[in-house]
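I opened this entry to log what I looked up.

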Amino acid sequence: MTTADTGAVTLTASAAPPTTGDPAPGTVFEDLETFDTFHPAPPRAGRLIRRLRSPLGIYTVPFVLLILWQVALWRGWLSPSVSASPIEVGRAAVHLWTVGSPSTLGEDLRVSLTRALTGLLVGGAIGAAAATAAGLSRLGEQLFNGPVQILATVPFLALLPVMIMWFGIGDASKIALISISAGIPIYVNLFNAIRGVDARLIEMATAAGASRWRLITRVLLPGALPGALVGFRFALAYSVLGLVVAEQINADSGIGFMIGQAQSYNRIDEMFLGLVVYAILGLSADQVVRVLERLLLTWRPPGKEAAT
């Protein structure tokens with residue numbers, strides 16, 4: 001029986017006569033270093049090189065911009081009347097964290113995070129449920145796809161007066177606006193991910209006798225998980241945007257309220273502090289998604305993972 005008959009792949013000696021320096025039979029993989037072939041860099045060396053090029057990962061460029069921001073103010077390229085320096089922003093953060101008025105930075109941050117997370121959970125749950133129903137059935141698509149596409153084209157500022165009219169000026173209107181802004185990207189990305197699952201996987205599972213429930217839980221939803229995480233990444237970013245809009249009007253606490261108060265009293269350092277807080281929230285949200293990708297997408301090849 002030949003190798004082709006069995007389907008197995010074996011290693012055979014070359015038909016050419018061995019020359020000086022050729023490895024002995026059976027030691028092909030032990031003497032590869034004697035050949036003038038390409039030697040890939042060790043994984044640790046590759047990680048070290050990447051670390052030297054970008055020592056802080058995704059925070060490298062923001063850190064460089066922070067230094068350039070400070071240098072520009074030191075050299076007079078930026079006027080203190082239009083921009084506060086990072087050092088002044090840091091001092092304002094310490095002051096507002098300890099003796100801020102009418103509320104401290106810690107309290108404003110807690111209120112804003114509570115609103116953002118509540119809106120994200122509500123909007124994410126509704127968006128994920130609607131996307132799953134729309135992705136798995138034509139009836140669900142007909143029910144949810146139209147309203148979602150309409151809401152996706154309406155600006156946040158146009159929705160805010162309606163939310164206030166429906167839910168009042170309290171936290172309910174702000175959470176409703178954040179829920180809409182977070183639910184739309186989750187719906188769009190999860191719906192497209194479910195519809196984009198490889199049809200060959202579905203055919204193989206069906207041919208193997210998988211039930212509809214098993215097909216959904218073992219093939220469709222796991223296959224749509226990368227797209228769902230992309231939607232979650234956008235949802236986190238849009239929830240912060242919705243938070244910014246919601247807290248600029250009729251708010252008595254939160255980071256947006258802090259920025260409004262700083263504008264009223266011409267405190268440029270506190271205004272930029274609010275912007276820095278929003279930027280930190282955005283970067284932190286991105287890191288949350290990256291951690292989830294490492295935990296939930298262990299089956300994905302290393303080359304597909306986002307570089308950190």
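My notes on the chain and on one helix contact follow.

I worked from a predicted model, where local features need pLDDT of at least 70, side-chain atom pairs count only at pLDDT 80 or more, and totals for chains, interfaces and linings use all residues. Residues are numbered from 1 along each chain as its sequence is written, and side-chain values use heavy atoms, without hydrogens and water.

**Whole chain.** I found 12 helices and zero strands in the protein chain. Helices here are DSSP runs of H or I with at least four residues, and strands are E runs of at least two, numbered from the N terminus. Of the 308 residues, 32% count as buried, meaning under 20% relative accessible area with a 1.4 Å probe, protein chains only. I then looked at contacts (heavy atoms within 4.5 Å). Among those with a separation of 6 or more, 66% join residues 24 or more positions apart.

**Helix 7 and helix 8.** I took residues 156–167 as helix 7 and residues 171–195 as helix 8; their axes come within 8 Å and cross at roughly 140°. Helix 7 is therefore oblique to helix 8: not under 35 degrees (roughly parallel), over 145 (roughly antiparallel) or 65 to 115 (roughly perpendicular).

On the helix 7 side I listed Phe 156, Leu 159, Leu 160, Met 163, Ile 164 and Phe 167; they meet Ala 172, Ser 173, Ala 176, Leu 177, Ile 180 and Ser 181 in helix 8.

Notes:
Axes are lines fitted to C-alpha atoms, for helices over the stretch in contact, and angles run from 0 to 180 degrees between N-to-C directions. Buried means under 20% relative accessible area, exposed over 50%, partly exposed in between (1.4 Å probe, protein chains only).
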